[in-house]
Amino acid sequence: MTRLLLARHGETVWHAENRYAGGRSDPALTDRGLRQAEQLAKTAESVGVDTAVSSPQQRAVATATPTAEALGVPLHLRTGLREVDFGELETHTLAEMDPEAVRRFREDPEANAFPGAEPLADAGARGAAALRELDAQHGGTVLVVAHSTLLRVTLCVLLGLPVKHYRRIFPALDNAALTEIRLPADPADPVALVSLNRAH
């Protein structure tokens with residue numbers, strides 16, 4: 001059975017403002033984010049990661065690259081791991097948006113997404129499909145570097161939890177922290193959540 005270690009990318013220059021960086025945005029890592037990437041590489045070595053996989057977005061690639069280099073393995077990019085497209089919320093903070101739209105979004109982000117946004121269920125489905133594909137193709141321990149919202153909605157899909165409550169069920173994934181899951185051979189069987197948001 002493949003051991004999947006999921007990590008959010010390192011801190012970006014938009015982190016402090018909580019500016020939404022989705023599938024169409026790619027802010028750079030901060031110096032702290034680069035240090036987090038280096039620490040993730042050390043952790044990957046210590047836990048015996050065999051394969052490194054990343055979203056194709058540069059903030060994820062920059063986070064995963066030190067791990068691939070430390071392990072001497074190629075970095076595999078998967079488009080299915082791109083961040084959710086937030087539509088009109090992309091590049092903005094919630095404080096910059098219409099207050100009523102923000103209230104509705106916080107109440108039910110699935111039903112009340114901002115115009116042009118990718119449906120959360122669709123994002124969760126593609127994330128789950130990408131992880132299942134990795135599980136089928138690789139053995140051993142696989143590090144997957146992706147994005148906060150994509151990982152949280154994907155976990156909801158895999159665990160059979162309501163996607164609309166992803167913000168309450170998984171309030172935050174820390175930058176470069178690890179979440180471990182095990183996928184069963186039969187997709188009808190429950191997924192095992194081994195650990196969540198674990199610091200190095």
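Buried here means under 20% relative accessible area, exposed means over 50%, and partly exposed is whatever falls in between (1.4 Å probe, protein chains only). The model is a predicted one, so local features need pLDDT of at least 70 and side-chain atom pairs count only at pLDDT 80 or more, while totals for chains, interfaces and linings use all residues. Residues are numbered from 1 along each chain as its sequence is written, and side-chain values use heavy atoms, with hydrogens and water left out.

Helices (H or I, at least four residues) and strands (E, at least two) are DSSP runs, numbered from the N terminus. Two strands count as paired if DSSP finds at least two bridges between them. On that basis there is an open sheet of 6 strands, in the order β3-β2-β4-β1-β5-β6, and its pairing is mixed. The edges belong to β3 (75-77) and β6 (192-198); each has a single partner strand, so one side of each is left without a neighbour in the sheet. Ignoring direction, neighbouring strands are turned by 20° against each other on average. As background, strands of a sheet pair through backbone hydrogen bonds, either parallel or antiparallel.

With 6 of its 6 residues buried, β4 is largely enclosed by the rest of the structure. Thr 141, Leu 143 and Val 145 point one way from the strand, Val 142, Val 144 and Ala 146 point the other way, and all are buried. Strand β1 (residues 3-8) runs parallel to β4, and 6 bridges join the two. Within that pair, Leu 4 stands opposite Val 142, and Ala 7 stands opposite Val 145. Strand β2 (residues 51-54) also pairs with β4 in the parallel sense, over 4 bridges, with Val 53 opposite Val 144.

Then comes β3, which runs parallel to β2 and is joined to it by 3 bridges; here Ser 54 stands opposite Leu 77.

Strands β1 and β5 run antiparallel and are joined by 4 bridges, and the bridge partner of Leu 5 in β5 is Glu 180. Over in β6 sits Val 194, which is partly exposed at a relative accessible area of 45%. Leaving aside residues up to four places away in sequence, Val 194 touches Glu 180, Ile 181 and Arg 182, where contact means heavy atoms within 4.5 Å. Val 194 and Ala 21 are 173 residues apart in sequence and 28 Å apart in space, C-alpha to C-alpha.

Now for the helices. Axes are lines fitted to C-alpha atoms, for helices over the stretch in contact, and angles run from 0 to 180 degrees between N-to-C directions. Angles under 35 degrees count as roughly parallel, over 145 as roughly antiparallel, 65 to 115 as roughly perpendicular and the rest as oblique. The axes of helix α1 (residues 31-47) and helix α2 (residues 58-71) come within 8 Å and cross at roughly 40°, which makes α1 oblique to α2. The contact involves Ala 37, Glu 38, Leu 40, Ala 41, Ala 44 and Glu 45 of α1, together with Ala 62, Thr 63, Pro 66, Thr 67, Ala 70 and Leu 71 of α2. By class, that is 8 nonpolar, 2 polar and 2 charged residues, with Ala, Val, Leu, Ile, Met, Phe, Trp, Tyr, Cys and Pro counted as nonpolar, Asp, Glu, Lys and Arg as charged, and the others, Gly among them, as polar.

Helices α4 (residues 120-137) and α5 (residues 148-159) pack at about 80°, their axes 8 Å apart, and are therefore roughly perpendicular to each other. Among the contact residues are Leu 120, Ala 123 and Leu 131 of α4, and Leu 150, Val 153 and Val 157 of α5. The class tally for this contact is 9 nonpolar, 4 polar and 2 charged residues.
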